[in-house]
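Please look over the sequence and the model before reading on.

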Amino acid sequence: MTHITENELKKKYLDLLSQRFDSAEKLATEIINLESILELPKGTEHFVSDLHGEYESFQHVLRNGSGNVRAKINDIFGETLSEKEINDLAALVYYPEDKLKLVKNQFNAKGQLNVWYITTIERLVELIKYCSSKYTRSKLRKALPEQFVYIIEELLYKNNEYQNKKTYYETLVNQVIELEQSDDLIIGLSYTVQRLVVDHLHVVGDIYDRGPKPDKIMDTLINYHSVDIQWGNHDVLWIGAYAGSKVCLANLLRICARYDNLDIIEDAYGINLRPLLTLAEKYYSGDNPAFKPKKRPDKEASLTQREEHQITKIHQAIAMIQFKLEMPIIKRRPSFEMEERLVLEKIDFDNNEITVYGKTYPLKDTCFQTIDRQHPEVLLEEEQEVIDKLLLSFQQSEKLRRHMSFLMREGKLYLPYNGNLLIHGCIPVDENGEMESFEIDGEMHSGRELLDVFEYHVRKAFDDKEVTDDLSTDLVWYLWTGKYSSLFGKRAMTTFERYFIEDKASHKEVKNPYYYLREDVDMIRKMLSDFGLNPDEGRIINGHTPVKEIDGEDPIKADGKMLVIDGGFSKAYQSTTGIAGYTLLYNSFGMQLVAHQEFNTKEKVLSDGTDELSVKRVVDEELTRKKIKDTNVGQELQSQIDILKILMHDRYLK
């Protein structure tokens with residue numbers, strides 16, 4: 001193979017660029033354009049975390065930009081419109097198709113509806129003009145509905161100073177109405193507003209599990225204009241299952257059974273659970289109270305007794321498969337330090353008790369009928385067949401493939417972005433604040449390097465789906481449950497104890513010291529430095545652990561250097577957190593933390609303008625307004641400018 005020198009590579013690259021910019025004028029225009037963009041205010045970043053399948057709540061927060069849409073409407077129309085008119089306009093922007101149906105039913109005469117159309121189009125155009133004021137025309141054009149770009153641009157840049165175009169603009173709007181295009185135009189304008197109020201979305205982990213519609217959240221994110229994801233422990237569980245980890249698959253199926261969400265598996269992803277049900281029906285009882293599914297607050301109809309019994313049986317069957325599958329991994333990976341989690345070996349079946357961590361407990365609600373007492377890790381032939389079939393179905397689901405591929409493409413374990421560190425879980429540390437080391441393949445890793453090695457193995461496992469028991473696949477499971485995992489962040493997962501031991505002291509999962517040390521400013525500064533960020537200006541943005549506002553816990557920690565934005569999107573957490581989630585907005589003026597109340601229904605928003613209440617707290621105000629040149633995007637643009645200037649000097653200014 002011919003070796004190409006760096007200079008030769010540079011020359012070839014400049015040759016390619018010169019084909020695109022084949023004159024000094026074209027090149028100068030591009031440099032001027034990019035240099036000017038650097039001076040624009042930075043776009044608004046929107047941070048959400050721990051969505052846990054709560055699609056409706058997430059959709060609303062996305063559509064209203066965590067209150068950003070309403071704030072923009074108030075800025076423009078606060079002095080001229082009534083509260084009801086502002087509510088109606090906000091509802092229209094959030095849910096344009098639904099609001100249009102309601103509005104059209106209110107008018108008997110066509111003329112009245114036409115007046116409403118004209119007024120509404122004018123207001124939406126004004127709103128877009130205001131929301132796009134810090135964007136280039138080119139960027140705005142990309143945000144407009146393609147079929148109406150010409151019409152909207154004419155209305156946006158309307159100039160009637162000399163009255164020469166008055167009838168032109170009137171005819172433009174009247175023809176839209178006459179040709180019955182006004183509904184589509186209003187819908188397009190509304191979605192443009194939604195897009196403009198948020199420039200980029202960060203999802204700081206945990207899209208999956210507990211809630212009923214993670215697949216719909218994934219479809220929304222795939223179609224979103226600009227997004228990144230920091231994997232959460234529940235997301236990695238799904239990635240691991242698709243990548244070939246049978247124990248990850250058993251875990252997520254158990255969680256779906258526990259939260260009555262098995263329809264995600266069957267209906268959303270088309271995976272047949274009949275073989276698992278057949279196995280469960282053969283060996284397990286439907287009356288075991290420890291395995292009854294939790295009631296779903298979003299479900300209108302309660303489960304029938306037959307349905308509840310079926311789920312209870314499935315829940316037991318998959319839990320037993322999970323506990324068995326964990327054992328060979330723990331034994332072949334002594335560096336995982338998980339010997340205490342060989343729980344099936346610690347059972348005294350004759351006395352119906354177990355000794356864990358040096359203490360003996362009586363067992364309750366047991367379902368050990370498929371366990372070989374001499375070889376508890378061995379799956380029954382039927383169990384092996386079931387888990388093999390389920391894994392094959394998982395890997396053959398086209399929709400799941402699309403969702404997991406997107407998670408891999410747009411996701412990372414952590415992300416340094418615009419000076420801040422985005423991470424779902426933690427950076428494992430000891431009680432003294434020193435980075436904890438973990439042995440992987442004979443080498444010790446800690447801090448940022450440890451997370452990089454974890455991510456390498458997640459990607460390797462995903463790329464080698466046929467291999468199901470290699471180090472990489474085992475490490476994906478370790479990320480879910482291991483003591484040095486940056487996603488789990490606890491010393492041990494006590495799933496077995498929660499099912500079978502009455503004493504709640506045995507259920508306690510001790511958190512990594514990170515979770516109390518993150519209150520310390522110096523600790524956060526140290527972590528930011530380890531990840532190559534400015535400790536004076538940067539922050540860590542965390543999810544994973546619900547902030548119990550109801551108990552007075554503050555999501556703003558370490559003098560604002562640490563922000564925790566898991567406030568309980570999941571309905572399962574809201575009784576303990578007291579709120580329905582935190583989100584974060586970061587625009588050119590600074591950061592605002594938004595605490596959300598429970599989202600009632602879309603219907604309430606549409607009918608009477610009742611929006612979810614949210615409270616904004618200013619985290620800080622920038623002393624100098626942030627510009628694009630201060631961001632990650634700005635760094636990329638500056639690199640392009642530097643290359644273009646080299647081309648200019650090399651080809652045109654000699």
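Helix H17 gives the largest share of the lining of the largest cavity, 3 residues. Helices here are DSSP runs of H or I with at least four residues, strands are E runs of at least two, and both are numbered from the N terminus. The model is a predicted one: local features need pLDDT of at least 70, side-chain atom pairs count only at pLDDT 80 or more, and totals for chains, interfaces and linings use all residues. Residues are numbered from 1 along each chain as its sequence is written, and side-chain values use heavy atoms, with hydrogens and water left out.

Stay with the cavities. The structure holds 2 cavities of 30 Å³ or more. On a 1 Å grid over the protein atoms alone, a cavity is a set of points where a 1.4 Å probe fits but cannot get out; a pocket is an open set with protein on both sides within 12 Å along at least five of seven lines; lining residues have an atom within 4 Å of a point. Grid points are joined across faces, edges and corners, and a volume is the space filled by probe spheres set on the points. The largest cavity contains about 90 Å³ of space. Two or more lining residues come from each of helix H17 (305–332), helix H21 (471–481) and helix H22 (495–500). Among the residues that line the largest cavity are Gln 322, Phe 323, Glu 326, Trp 477, Thr 481 and Phe 496. By class, this lining has 6 nonpolar, 4 polar and 2 charged residues. Ala, Val, Leu, Ile, Met, Phe, Trp, Tyr, Cys and Pro count as nonpolar, Asp, Glu, Lys and Arg as charged, and the others, Gly among them, as polar.

Now the domains. The protein chain is divided into domain 1 (6–40 + 632–652), domain 2 (66–197) and domain 3 (233–506). These bounds come from an automatic or database domain assignment. The C-alpha centres of domain 1 and domain 2 are 38 Å apart. Both domains contribute to the second largest pocket, with at least three lining residues from each.

The volume of the second largest pocket is about 820 Å³. Its lining counts 30 residues, and Ile 37, Lys 139, Asp 199, Ile 628 and Val 633 lie nearest its centre. Helix H2 (24–37), helix H8 (137–143), helix H11 (182–197) and helix H27 (632–652) each supply at least two lining residues. The lining has 12 nonpolar, 10 polar and 8 charged residues.

Lys 129 sits in helix H7 (residues 110–131). Lys 129 has a relative accessible area of 33%, so it counts as partly exposed. Buried means under 20% relative accessible area, exposed over 50%, and partly exposed in between (1.4 Å probe, protein chains only). Lys 129 and Val 193 are 64 residues apart in sequence, yet 9.4 Å apart in space, C-alpha to C-alpha.

Turn to strand S2 (residues 200–203). Which way do its side chains point? His 200 and His 202 point one way, Leu 201 and Val 203 the other, and all are buried. In a regular strand the side chains alternate between the two faces of the sheet. Strands pair if DSSP finds at least two bridges between them. Strand S1 (residues 45–48) pairs with S2 in the parallel sense over 4 bridges. His 46 stands opposite Leu 201 there. S2 also runs parallel to strand S3 (residues 227–230), joined by 3 bridges. His 202 has Asp 228 as its bridge partner in S3.

Next comes an open sheet of 3 strands, ordered S4-S5-S6, with antiparallel pairing. Strand S4 (347–348) and strand S6 (359–362) are at the edges with a single partner strand each, so one side of each has no neighbour in the sheet. S4 pairs with strand S5 (residues 353–356) over 2 bridges. Ile 347 has Ile 354 as its bridge partner in S5.

Another open sheet has 5 strands in the order S8-S9-S12-S14-S13, with mixed pairing. Its edges are strand S8 (414–417) and strand S13 (556–557); each has a single partner strand, so one side of each is left without a neighbour in the sheet. S8 and strand S9 (residues 420–423) run antiparallel, joined by 4 bridges. Leu 415 stands opposite Leu 422 in S9.

Last, the cysteines. A search of the whole structure finds 0 disulfides, a disulfide being a pair of cysteine sulfur atoms within 2.5 Å. For Cys 248, the nearest cysteine sulfur is that of Cys 256, 13 Å away. Cys 248 counts as buried because its relative accessibility is 0%. The sulfur of Cys 367 is 18 Å from the closest cysteine sulfur, in Cys 256, and so too far for a bond. Cys 367 is buried too, with a relative accessible area of 1%.
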